[in-house]
Amino acid sequence: MAVLGRPPWRRLGACWGWWGGRAAALQQRQPPWRLKSTNPFTREQEQEWRRRNRTVLMYVAAAAVGMIGASYAAVPLYRLYCQTTGLGGSTVAGHASDQIETMVPVKDRIIKVTFNADVHASLHWNFRPQQTEIYVVPGETALAFYKAKNPTDKPVIGISTYNVVPFAAGQYFNKIQCFCFEEQRLNPQEEVDMPIFFFIDPEFAEDPKMAKVDVITLSYTFFEAKGGHKLPVPGYN
């Protein structure tokens, strides 16, 4: 028996027309897509900014590498400067033998030189001066000794740094022979004598700042020589 009403194909068309209208309305409500600008001036500006950013990044990277390199070179360069000028209590090195031969001792200016020895906690050595003090005059060479012993059952390599007190006297304290900043290898139970051959420049007696300086202390500190270990700058550590 037939059922009255719309034919099936008409009901389907009506539904499709309703959904089609809804879809068109939704499309009208959505914001239009943003198209990429084709303005040549805008593209040139973007390229220019990108080029500038790359340049800035290159400068920043170069500066970072330079700072790292400078940090590694600072200690040895500053140590060399201290040894050359006597800054920070460092003794002056590199004097020619002809200067020693032409020096005139200042006999009326007697100076007491005392000696000190220290060992870093990482180094298990016995280290001491063989004399506590000696008396010298400016323009006269002198010889002193330290003694170091390795009481352990294995070879150990040590390296030392030094300074002079008062610091201002370092520019007049000249080493001819010394064991500082050189690696010293001691075998188990080995004991060695370490000489220091030095003199005080005659100009020490002419410096008004040194008029009241009658005692100079030479101090050495031994450290264990290890890879990556940095020695302190003389006179400031």
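Buried means under 20% relative accessible area, exposed means over 50%, and partly exposed is in between, with a 1.4 Å probe and protein chains only. This is a predicted model: local features need pLDDT of at least 70, side-chain atom pairs count only at pLDDT 80 or more, and totals for chains, interfaces and linings use all residues. Residues are numbered from 1 along each chain as its sequence is written, and side-chain values use heavy atoms, with hydrogens and water left out.

**Stop 1: D193**

Select D193. It sits in strand β9. Strands (E, at least two residues) and helices (H or I, at least four) are DSSP runs, numbered from the N terminus. D193 counts as partly exposed because its relative accessible area is 46%.

Now show its neighbours. Contact here means heavy atoms within 4.5 Å. Leaving aside residues up to four places away in sequence, D193 touches Q130, F145, Y146 and K147.

Which side chains make a polar contact with the side chain of D193? Q130 does, at 2.7 Å. K147 does too, at 2.6 Å. A polar contact is a pair of N or O atoms within 3.5 Å; within protein, one must be able to donate a hydrogen and the other to accept it, and residues adjacent in sequence count only if both atoms are side-chain atoms.

**Stop 2: K147**

Move across the 2.6 Å polar contact from D193 to the side chain of K147. K147 belongs to strand β5. Is K147 buried or exposed? K147 counts as buried, because its relative accessibility is 16%.

Select its contacts next. Not counting residues up to four places away in sequence, K147 touches N126, F127, R128, Q130, E191, V192 and D193.

**Stop 3: the aromatic rings**

Show the side chains of Phe, Tyr and Trp. Rings of these residues (for Trp, the six-membered ring) pair if their centres lie within 6.5 Å; planes under 30 degrees apart count as stacked, over 60 as edge-to-face and the rest as tilted. By this rule there are 12 aromatic pairs.

Pick F115 and Y146. Their rings are edge-to-face, 6.2 Å centre to centre and with 80° between the planes. F115 is in strand β2 (residues 111-119) and Y146 in strand β5 (residues 141-149), so the pair ties together parts 31 residues apart in sequence. F115 is buried, at 8% relative accessible area. Y146 is buried as well, at 0% relative accessibility.

Go on to W125 and F222. This pair is tilted, with 5.2 Å centre to centre and 55° between the planes. It links distant parts of the chain, 97 residues apart: W125 is in the loop between β2 and β3 (126-129), and F222 is in strand β10 (residues 215-224). Both W125 and F222 are buried.

Colour the whole group. Ring pairs join F115, W125, F127, Y146, Y162, F179, Y220 and F222 into a cluster.

**Stop 4: two backbone details**

Select V165 and P166. The peptide bond from V165 to P166 is cis, with omega near 5°. P166 lies in the loop between β6 (156-165) and β7 (173-177).

Finish at Q189. Q189 is in the loop between β8 (184-186) and β9 (191-200). Q189 is partly exposed, with a relative accessible area of 47%.
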